[in-house]
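Dear colleague,

Please find below the structure that I am handing over to you. My notes on what was found in it follow directly after.

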Amino acid sequence: MSFLFPVRLGRRALACHEATGGLPYRAMMPARLPVGQRWVEKPIPYDIGPVPDIALPRFRLRLFGAVGHPGELSWDELLRLPQTTVQADFHCVTGWSVPDLVWEGIPTGAIVDLVRPHPGVTWVIAYGREGYTTNVPYPQFQDAHSLLAHRLNGAPLPPEHGAPLRLVVPSLYAWKSAKYLSALEFLTSFRRGHWEARGYHDVGDPWREERFRS
Ligand SMILES: Nc1nc2c(c(=O)[nH]1)N[C@H]1C(S)=C(S)[C@@H](COP(=O)(O)O)O[C@H]1N2
Ligand SMILES: [Mo]
């Protein structure tokens, strides 16, 4: 009887492979997909405005708020900071999830080491150059999988996915991963960003289905 198991598993794997248009079988495992999500192959660009453009020599990342060392980083300075690679699934609150995106960039921990946030920091506001904002809880901002990404899947970050730099917080819904990153503000008080002010959840944990505030 033991031969039946691999045969059945094989059929199921094949069926899932066809149903997802070629996504790996591993991506179909329910434990990896938060409730209310479905797998798609690629991230779908979502923007509140036109995709902004900037020449790298003019690029600055502003770091300010409740920190000991506020300041600005140029593109070259960012590339001289520690670099990391993070492979993670990406979950959009509208219901799509992409498995195994590979992001490269500066771990948020390196930014924390640089700016020395005050002990009472509880939130970070990430600013997009086109006017987007989002509030991110400080624990998720600085956890080991969060980064300021400048590469995606082995290539420079495409314009529509946030070039030249975006925040990536894989532990939260994708709207917390601000594209076209221009500034990070560290807060000891509470303030909402663009979608949070319109009813979206302040934390946004996909594993708790924190889509909207109740
Ligand atoms: N600057 C900026 N960042 C943003 C957004 C935006 O409109 N502007 N949209 C957010 C939303 S709602 C999602 S789902 C993701 C989508 O990432 P993608 O466009 O790379 O697929 O970006 C997030 N980051
Ligand atoms: Mo989104």
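**Surroundings of the ligand**

The shell around ligand 1 consists of 11 nonpolar, 4 polar and 3 charged residues. In this count Ala, Val, Leu, Ile, Met, Phe, Trp, Tyr, Cys and Pro are nonpolar, Asp, Glu, Lys and Arg are charged, and the others, Gly among them, are polar. The shell holds 18 residues, of which Pro43, Gly128, Tyr132, Trp175 and Lys179 are the closest to the ligand. A residue is taken as near a molecule or strand if its C-beta atom, placed from the backbone, lies within 6 Å of it.

Please note that this is a predicted model, in which local features need pLDDT of at least 70 and side-chain atom pairs count only at pLDDT 80 or more, while totals for chains, interfaces and linings use all residues. Residues are numbered from 1 along each chain as its sequence is written, and chains are lettered from A and ligands numbered from 1 in the order in which they are written.

**Overall make-up**

The protein has 4 helices and 11 strands. Of the 214 residues in the protein, 31% are buried. Buried means that 20 or more other C-beta atoms lie within 10 Å of the residue's own, exposed means 12 or fewer, and partly exposed is in between, with C-beta atoms placed from the backbone. Among contacts between residues at least 6 apart in sequence, 65% join residues at least 24 apart; a contact requires C-beta atoms, placed from the backbone, within 7 Å.

**The open sheet and the hairpins**

An open sheet of 5 strands runs in the order E3-E2-E11-E6-E7, with mixed pairing. Its edge strands, E3 (71–74) and E7 (133–137), each pair on one side only. On average, neighbouring strands of this sheet are turned by 20 degrees against each other, direction ignored. Such angles run from 0 to 180 degrees between N-to-C directions, and the axes are lines fitted to C-alpha atoms, for helices over the stretch in contact. Two strands are said to pair if DSSP finds at least two bridges between them.

Within the sheet, E2 (residues 60–65) and E11 pair in the parallel sense over 4 bridges, and Gly65 has Phe186 in E11 as its bridge partner. E6 and E7 run antiparallel and are joined by 5 bridges; Val124 has Val136 in E7 as its bridge partner. E6 and E7 form a hairpin with 4 residues between them, and Gly131 in the turn has a positive phi of about 115 degrees.

A hairpin is also formed by E4 and E5, with 4 residues between them and a positive phi of about 120 degrees at Gly95 in the turn. E4 (residues 84–91) and E5 (residues 96–107) pair in the antiparallel sense over 7 bridges, and Val86 stands opposite Trp103 in E5.

Arg62 is located in strand E2 and is partly exposed, with 15 other C-beta atoms within 10 Å. Leaving aside neighbours within four places in sequence, Arg62 is in contact with Glu72, Ser182 and Ala183. Arg62 and Glu185 are 123 residues apart in sequence, yet 8.2 Å apart in space, C-alpha to C-alpha.

**The nonpolar core**

The largest nonpolar core has 39 residues, and those with the most contacts inside it are Val124, Ala126, Leu148, Ala149, Leu167 and Leu181. The elements giving two or more residues to this core are E5, H3 (108–115), E6 (123–128), E8 (147–152), E10 and E11. E6 supplies the largest share, 5 residues. A nonpolar core is a set of buried Ala, Val, Leu, Ile, Met, Phe, Trp, Tyr and Cys residues joined through C-beta atoms within 7 Å. Not counting residues up to four places away in sequence, Ala149 touches Trp103, Glu104, Gly105, Leu157, Arg166 and Val168.

**Backbone exceptions**

Most residues other than glycine have a negative phi, and most peptide bonds are trans. The bond from Ala163 to Pro164 is cis, with omega near 0 degrees; Pro164 lies in the loop between E9 (155–156) and E10 (166–168). Tyr180 has a positive phi, near 50 degrees, and lies in the loop between E10 and E11 (181–187). Tyr180 is buried, with 24 other C-beta atoms within 10 Å. Glu209 has a positive phi near 50 degrees and lies in the segment after E11. Glu209 counts as partly exposed, with 15 C-beta neighbours inside 10 Å.

With kind regards

Notes:
Two residues are in contact if their C-beta atoms, placed from the backbone, lie within 7 Å.
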